[in-house]
Amino acid sequence: MSNIKSKPDATLVIGAGELGMAMLGALTEPGRSAKGQSLSVLLRPLPTGEASRSQKDLADRLWKMGVEIVRADLAAETEEGLAAIFADFPTVICCTGFVGGSGTQRKITAAVLKARVERYVPWQFGVDYDIVGRGSGQEVFDEQSDVRDMLRAQTRTHWIIVSTGMFTSFLFEPSFGLVDLDHGRVHALGSWENRLTVTIPEDIGRLTTAILAQEPPIDDAVVYVAGDTLSYAQLANTVECFLGRPVERILWSMAKLRSEVAAHPDDGMRKYHLAFARDTGVAWDKERTFNFAQGIPVTDVPTWLEKRASCPSPAAPEAPVAA
C-alpha cells in the first residue's frame, strides 16, 4: 500500500460519541487549525431509508464545525477496507471503544499499521495497561495490552498513548454504583486507600490536542494526564462536603468483589469493580502529568460536582474508563 497521503495535512477522528465530540471540539478551536489542514470523522454508515433526526442533527453540527464525514462499520469492515480509508490520513485518533465487540481495537490498530499512518493515538484513554497487565479480571484490558504490543513491535507508525484514568462522570453513574448522591452513599473498591485517576472528556480532548502539537514532537510514548487523583476515602469526604451532610461509607472487599464476579461471570460492571480494586495502575500523582508540567488547568472532582449540580445527569459512557 502506498505511503503517499492524498490528504497531507489531514486528521481522522474515529467516532463521534462523548469523547469523539470533545476531541473534535478541541481540534477545531479557533486558532488551533493551521491553513490547509483538514479534519474528518469516521461514523457508522447510515441505515437504509431516511436518516433519523439525531443523525441529521449530528451531521449538521459536524458540517458547521468544518468536519468531513467518512462512513464505515468498524465491526463489519475488513482490516484491508479500514486500511484503505486510513491511508488518506497522516494522523488517526481513535475515540471509539468496545462497542464494536472483542477484537475491534486490534483490527483498527492492524489497519492503521497496514495503512502506514504517520501518527496514531489509539483508544487507550484509560488506565496504565503496562502496570495492570493481563489477567486483571476485565478481558477488554487484555486487548489493550495487545494493542500496545502491536505498536511497540514496529517503527514505521509513531504512536502516542494518552493515559487519562476513568471518566469523571462515571464516578457518579448509578449503573457503576460507586457514588449514590441521592441517598448519600459511597462505596470503596478493595480498600479506602486505593486511588483513582479521573478526567473529563473535554479535558482529554484539549490535552490530547496539546500533546499532538508539542515541539519537538512527542512520539512513541505514554503520556499521563489527570483531572483529579483521589482515594475512595477522599472521594467520600468530597461528596460529604458537596452534600453538606455525612455519607454512608461501604467497603466492598476483594473477597466480595471476586465472589460477585464468580457468581455473575457475564456482568461487565462487576468485572470493572474488580479491575479497579487495585493500588497500582489505575491512578497516578497529578504532579507527574502533562497538564501539571504545562500548567494547563483541568477540572477536578469538586469542580465537576459544582458544575453538574443543576444540570441533567450526563449520559452513561460505554465503560467506566475512556478505554
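**View 1. Tyr 272 is a buried residue in this predicted model.** Tyr 272 has a relative accessibility of 7%, so it falls under the 20% limit and counts as buried.

View 2. Phe 170 is buried, with 0% relative accessible area. Phe 176 is buried as well, at 1% relative accessibility.

**View 3. Six residues make one aromatic cluster.** Can you find the residues from the views above? Phe 170, Phe 176, Tyr 272 and Phe 276 belong to this cluster, together with Tyr 129 and Phe 141. Across the structure there are nine aromatic pairs.

**View 4. Helix 9 packs against helix 10.** Here you can follow helix 9 through residues 254-263 and helix 10 through residues 268-275. Their axes lie 9 Å apart, at an angle of about 150°. That angle is over 145°, so the two helices are roughly antiparallel. Helix 9 passes helix 10 in a left-handed crossing.

**View 5. Residues of helix 9 and helix 10 meet at their contact.** Helix 9 brings Met 254, Leu 257, Arg 258, Glu 260 and Val 261, while helix 10 brings Arg 270, Lys 271, His 273 and Leu 274. Sorted by class, this contact has four nonpolar, four charged and one polar residue.

Note on methods:
Residues numbered from 1 in each chain as written. Predicted model: local features only at pLDDT ≥ 70, side-chain atom pairs only at ≥ 80, totals over all residues. Heavy atoms only, no water. Axes fitted to C-alpha atoms, helices over the stretch in contact; angles between N-to-C directions. Helix = DSSP H or I, 4+ residues; strand = E, 2+ residues; numbered from the N terminus. Parallel < 35°, antiparallel > 145°, perpendicular 65-115°, else oblique. Left-handed = near helix turned anticlockwise from the far one by under 90°. Contact = heavy atoms within 4.5 Å. Nonpolar A, V, L, I, M, F, W, Y, C, P; charged D, E, K, R; others polar. Phe/Tyr/Trp six-rings, centres within 6.5 Å; stacked < 30°, edge-to-face > 60°. Buried < 20%, exposed > 50% of the residue type's maximum accessible area, 1.4 Å probe, protein only.
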